Amino acid sequence: MAEPRHFITGEELTGDELRALVGRAEQLRSTGSSRTALPLRGRSVALIFEKPSTRTRVSLEVGVSQLGGHPVVLRGDELQLTRGESVRDTAMVLSRYVALIAVRSGDHEAVVELAEFSSAPVINALTPLHHPCQALADLLTLQQRFGMVKGLRLAYVGDGNNVCNSLMLLGAAAGVQVAVATPPELRPDEAIVARAGSSVELGDDPLAAAAGAHALYTDVWVSMGDEGDAAKRRKLLAPYQLNSELLTAARDDAIVLHCLPAHPGEEITEDLLYGDRSAVWDQAENRLHAQKALLELLVA
Ligand code: CP
């Protein structure tokens, strides 16, 4: 039996495959669900969510359904994992029932282990280190707004978190120049920066990152698991707010991105989130189209 193809960090896809996937997602977005092929007809997909989720969970569930499959949504506490069953055994059993497993977990290494022992493809639906499904939707939003992704400049300002890591890796692979500005204390993972390569610029000046950018991007200041440091993070990140001053430094046609959920008045101002330069709501919709293209690719 062929080895399953996983999507754990996004580095599993070449730049050409990534751009082709974005192109397919663009087709799916423009044709709508009624004209979609049904590669999951008669098959089931396990969606394991050990952490809260609105966009990822619903878009995956709807996406599986639109591709003809049956989504089996599982909260972490519904599985025997919470009573000591190993990740290995869970992977070996679930992958005998389903065509694919998507998992959101607080433990990145557990997702890597799940993939190691699963005979079905595994999709990372967010870990503390990576959020590659989000980056697919982000690339699709750039494609939708600018007609291409290669050669664009995207500025990410704020916390050097999992969303930032995935933007660097997938953005760089797709040919996007990713300029990152974070407080020195909240820089992204060094090994991931090194893997992303020379098309990533790393600094601590949000205005320098935003200069000439096609897109400005931010994420929440207090991610899941960081609640204990909330006050310290808000103080460190205050100079990194996505606001009109930052937008002025970008191109005249620059768009505003945010992976959501947002906290207007903290990491982004309300006028930018809801204003006419915001592509945030298309970006959220694009989770569905991008993940359908990914599902198609992995179960082919
Ligand atoms: N952006 C994102 O992953 O949203 P959810 O946490 O709601 O899935």
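**Figure 1. Salt bridge between Glu-26 and Arg-29 in the predicted model.** The closest N and O atoms of Glu-26 and Arg-29 are 2.9 Å apart, a salt bridge being a side-chain nitrogen of Lys or Arg within 4 Å of a carboxyl oxygen of Asp or Glu. Both residues belong to helix H1 (residues 15–31), where three residues, about one turn of the helix, separate them; helices are DSSP runs (H or I, at least four residues) numbered from the N terminus. The structure contains 13 salt bridges. Residues are numbered from 1 along each chain as its sequence is written. In this predicted model, local features need pLDDT of at least 70, side-chain atom pairs count only at pLDDT 80 or more, and totals for chains, interfaces and linings use all residues, while side-chain values use heavy atoms, without hydrogens and water.

**Figure 2. Residues around the ligand.** The shell (residues with a heavy atom within 4 Å of the ligand) comprises Ser-53, Thr-54, Arg-55, Thr-56, Arg-104, His-131, Gln-134, Cys-259, Leu-260 and Arg-287. By class, two of these residues are nonpolar, five polar and three charged.

Figure 3. The protein buries 94% of the 260 Å² that the ligand exposes when taken alone (Shrake-Rupley method, 1.4 Å probe).

Note on methods. Ala, Val, Leu, Ile, Met, Phe, Trp, Tyr, Cys and Pro count as nonpolar, Asp, Glu, Lys and Arg as charged, and the others, Gly among them, as polar. Helices (H or I, at least four residues) and strands (E, at least two) are DSSP runs, numbered from the N terminus.
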